[in-house]
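These are notes for a colleague opening this structure for the first time. They are set out as numbered points, and each can be checked against the structure itself.

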Amino acid sequence: MKKFLKSVSLFLILALLLSCVSFASADGVIEVTLPTYKTGENVGAIFFEPLVERFNAAYEGKYHITLEELTQDMYSDKIKQLGAANALPFLVEGGDSEWIKQVVIPNDMFVDLSGLIADNNLMDILIDSQVAYNTTEDGKVFSICVPVTRPMGLYYNGAMIDLGDKTCADLSWDEFAALLGENKIAFMTGENAWTTQLVLGSLIAVEEGGAELLSTHTIDKLMDYNQPCIINAVAKLQKLMQDYGTSNQVGAVYADAANAFMSKNAAVIANGSWMVGDFLEDGGKWSNGFDGATVRGDVLPGNVALANNDGYQYWIPASVSAEQQEVGKAFILFTLQPENLEAYMLAEGGVAPKLTPSEEYVAAASENKLLYEYVNAVNADTIIVPNAGDIMTSSIGNTEFGNLLPLLISGQLTPEAFCQQLTALAQETALD
Amino acid sequence: MENITNPALRKKLEKAGRSRLVGKKKPLTAGRILYLFCAYVFLAFIVLVSAYPIIWVIMSSFKSNAAILGNPFSLPDTFNLDAYLSVLNQYSFGTYALNSLITAGGSTVVSIIFYAMAAYVIAKYNFPLKNFIYIILTLTLLVPGHTKTQPIFQMIMNMGLYDTRTGLWLVYLSGGIAMSLFVLKANFASIPMDLNEAASIDGSGFFRTFWQINLPLARNGLATAGILMFLGNWNEYYYAALLTSSEANRTLPVSLSYFNQAFSYDYTRMFAALTIVVLPGIIIYAFFQEQVTASVASSGVKG
Amino acid sequence: MSTVSSQSKKLRRYSLMERRNFPWIYAFLFPTLLLFAVFYVEPILQTFLTSFAKFNGYTTAEWSFDIHNLGGTIFRNYTKLFSMSSFPPALRNLFWWSLIAMTLHVGIGTAVGFLLYQKLRGWKFVRIIFMVPNVISGAAWAMIYRFMFNDDIGVINNLLRKVNPDLHIQWFYSSPAAFWAITFTWVFYAVIVALVVLGDLMAIPASLHEACEIDGANGFQKLIHIDLPLCRNAIGTSILLSVTSRIAMYENIALTSRGGPGNDTYGLALILTKSITDFNYGLANATAMLMFVFGIATMQIINKVFRMDDSVY
């Protein structure tokens, strides 16, 4: 029995000791942990991981950021949970916008960044409308967005599809689909059904009144989906998914959709410019004879590109220590440095309206043909509107939309019924 | 049987003995063969659905991605450990396993003592409210764990134990109240009360009688209840996911939810990671197979 | 005075020896009762109270009461819960899953229990293997099943395609396949039922079987007239345990179909967790109370139907 007692006390001591994780480090370096989904296999990691490494190198002996992996799917839920536990990290990237609007901002759970902007003349680089969106009624600035706009379009496999001398800017979805033949589009219904959301966005944008609807509901989300422009777009989406969806589209998560494209099971995938990194070299994701060099970038058919400038990005929770706030601010300033913005645009595309590009950047950018093509597919007539997901409340956008799609594909829901269900769900989750 | 003199009784007992013998060696009639056939088909199905999913996962972890996609039934051509090495490299499974061990093992060791003390007095002594206490404690078996989500989250948060192993350990302490009490009460009840009386005549106090006489005799029950409680906590996912966030405090089951994104391009590594998560539980079970089986049976019967 | 005397009358039921041990006895019960109070009584009480409040977890809970608008005030969360579009499917699924648990799941387990009791060759092996799914984490098991039912790499569809090459059932994402796919993740795994039944069977005195054989009963009659009735308690317990696990079922759904397609495979536990991520804690706790009530009701019904309190002998 003595042994028994001993092992009990040993366990107790062990458990207690190990649970006291100390953040203080002896040599004066402020060490912080940043939970992020932009690690590992996530497309965002290609830029973000080196950025943090550069930050750690630049502030060696002063700050050190350790990344901690979260999946993109769980990020905003986990952040909410950490918020409820008063255990938010020193820096948060966005999060559930309803939660931010109804909990974080009213309860002053954030550090006002207006001082940071003023002290560092950040208005010289930040996009005015983004700062305006992030400014609260009492003049505080909630978050700072990286000032790069990135209209989103699609990629297609040039070895599988030939658009002739046309581009998607000249084609409607019907005409584009006709050129597909037996080839498939990488749709998904799992997670937030991202690639499908983008196609739906482009379909809504070309409907009558659709572009306006998308543009006007980014702040106050859409509660009524029973509108002709949405019903029509959903009907077209249903047809596209039934005729051109990959065999694994139902239940597919983003990685499945990307996998379908990079294994030639699909010839088209709608996605943002950040995906070009996946096509520059084979990072173990290519299979079945796929070659990134054959990938072409374009706008979405109907000459639509999707971009939403109204959003939240980097914010610092008020609950973290002054030291950690300091790191958060340093990191935000670091990402806004011209060379880092350029590195960002090189890796993930986009345009920084107020930045005068350096010669090195211009040279490097023109070398990346795919990115160049993708970014320059936008022309003067391109309809640039927010994405379908931007007008959905978070639970609709994150799960319900994807959960309903299989029923739309199977025909168990008509486009009208699909929109009715979305409407009911949107009204249900509205907080009282 | 020699000393039984009553001839009628003797005859009856002999008959009973014979019929028992007959009952054991049933003749192989056609009906019996059909019955056995059906029974074995059914049992084979049970074995198949229980074992095949895990065997399939383990087998697939040695196959290439293309082979997994090509033919899910094929056996691996080679014994390739690359996927395991790369997965072990990428994730600190050692940390996760240690976390699981500390939280599940630590809470089991402590709470089993608590429950043994309670079961001991309930089994051996009379006191007011005894039945009431026993019944409400065993009713906890019927409380779905999720129903306490918000209050427990709040409590752990107020104690400043969010994202610590201590917090999870504390929650796991309350895990197997009902099951442990069933098992331990039965165990203590089977220890003769004479021992206690003898001990008290020898001047042994209440605590010593429990600790030095009864507890060692109940070690089977302790092991039985302990292992089942340990397995329950070791496999617990919901509260572990809710109450921890950093990688340093992640447990094995929680690590599962991270694989989806990380390995979706590579089924081989996904299956290797899954194998790493499920294997420890199976190994522990293999060692304590008898106790686990016994504990399940006794916990149910007394319910 | 009267209370004191009634108390001393009560205490008189206990001998002096017994009473001398009372301090020790309650000291021994204390840690367990403390855990019970902290992790059961307090949380359940708090859940109960806040299920009537407007409560988001960030600000304090607010109760309001208006006799003319009970549904909008004190019962606000219950009104909301009952009107949610995922609530009817959650109830419907709970009903069918409970029914399947009571019949098929408990039936399979009981059958295995009886076969194990006959100690057919290899019975120990079956018992060992049958337990394996229960010793690994439910989360891992759900994940394994998601792969088993995957259209590309999954065993099920590839097997079915040997019969029908064009078959592509999206098990977790189409209706009604998703309901059955989730059912398959648990319905066969009835080892607890099997062992509980086996335990009861082993407790049947050999003399009963002998007497029965003397009377010339065959195996089937023995089963119907002796074994099954004597396993009443075990079967009742099994039904209770399997129905309560249906009420609490979470990982099997959350890690596979997420309640979809649409809200076809929703469950109460899923509504609860979703309300928590929507920071509607009042609604979450109202759902929790409903689960709790269902659990207690199940127990009451099983107790009545199976006369669990009566001795079987």
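1. The side chain of Thr273(C) reaches the backbone oxygen of Leu270(C) at 3.1 Å. Thr273(C) has its place in helix 14 (residues 268-277) of chain C; helices (H or I, at least four residues) and strands (E, at least two) are DSSP runs, numbered from the N terminus. Thr273(C) counts as buried because its relative accessible area is 13%, where buried means under 20%, exposed over 50% and partly exposed in between (1.4 Å probe, protein chains only). Leaving aside neighbours within four places in sequence, Thr273(C) is in contact with Tyr238(B) and Tyr250(C), contact meaning heavy atoms within 4.5 Å.

2. On the source: this is a predicted model, in which local features need pLDDT of at least 70 and side-chain atom pairs count only at pLDDT 80 or more, while totals for chains, interfaces and linings use all residues. Residues are numbered from 1 along each chain as its sequence is written, chains are lettered from A and ligands numbered from 1 in the order in which they are written, and side-chain values use heavy atoms, with hydrogens and water left out.

3. Chain C as a whole has 15 helices and zero strands. Its radius of gyration is 25 Å, whereas a compact globule of 313 residues would have one near 20 Å (taken over C-alpha atoms; the globule rule is 2.2 Å times the number of residues to the power 0.38). Along the principal axes, the C-alpha atoms of chain C fill a box of roughly 80 × 65 × 35 Å. Of the 313 residues in chain C, 56% are buried. Among contacts in chain C between residues at least 6 apart in sequence, 66% join residues at least 24 apart.

4. Chain B has 17 helices and zero strands. Buried residues make up 56% of the 303 residues in chain B. For contacts in chain B with a separation of 6 or more, residues 24 or more positions apart account for 75%.

5. How much area do chain B and chain C bury between them? The figure is about 8,500 Å², with 78% of it on carbon and sulfur atoms; buried area is the accessible area (1.4 Å probe) that two parts lose on being put together, summed over both. Leu142(B), Gln150(B) and Phe206(B) supply 8% of the area that chain B buries against chain C, more than any other three residues. The contact takes 90 residues from chain B and 92 residues from chain C.

6. Between chain B and chain C the count is one salt bridge, defined as a side-chain nitrogen of Lys or Arg within 4 Å of a carboxyl oxygen of Asp or Glu. Glu290(B) forms a salt bridge with Arg127(C), and the closest N and O atoms are 3.5 Å apart. Helix 2 (residues 30-60) of chain B gives the most to the side of chain B that touches chain C, with 18 residues.

7. In chain A, Gln238(A) is found in helix 10 (residues 228-244). Gln238(A) counts as buried because its relative accessibility is 12%. Apart from neighbours within four places in sequence, Gln238(A) is in contact with Leu408(A), Gly411(A), Leu413(A) and Pro415(A). A polar atom of the Gln238(A) side chain lies 3.4 Å from the backbone oxygen of Leu413(A). Lys264(A) is 26 residues from Gln238(A) along the chain, and their C-alpha atoms are separated by 22 Å.

Technical notes: Polar contact = N/O pair within 3.5 Å; in protein donor to acceptor, adjacent residues only side chain to side chain.
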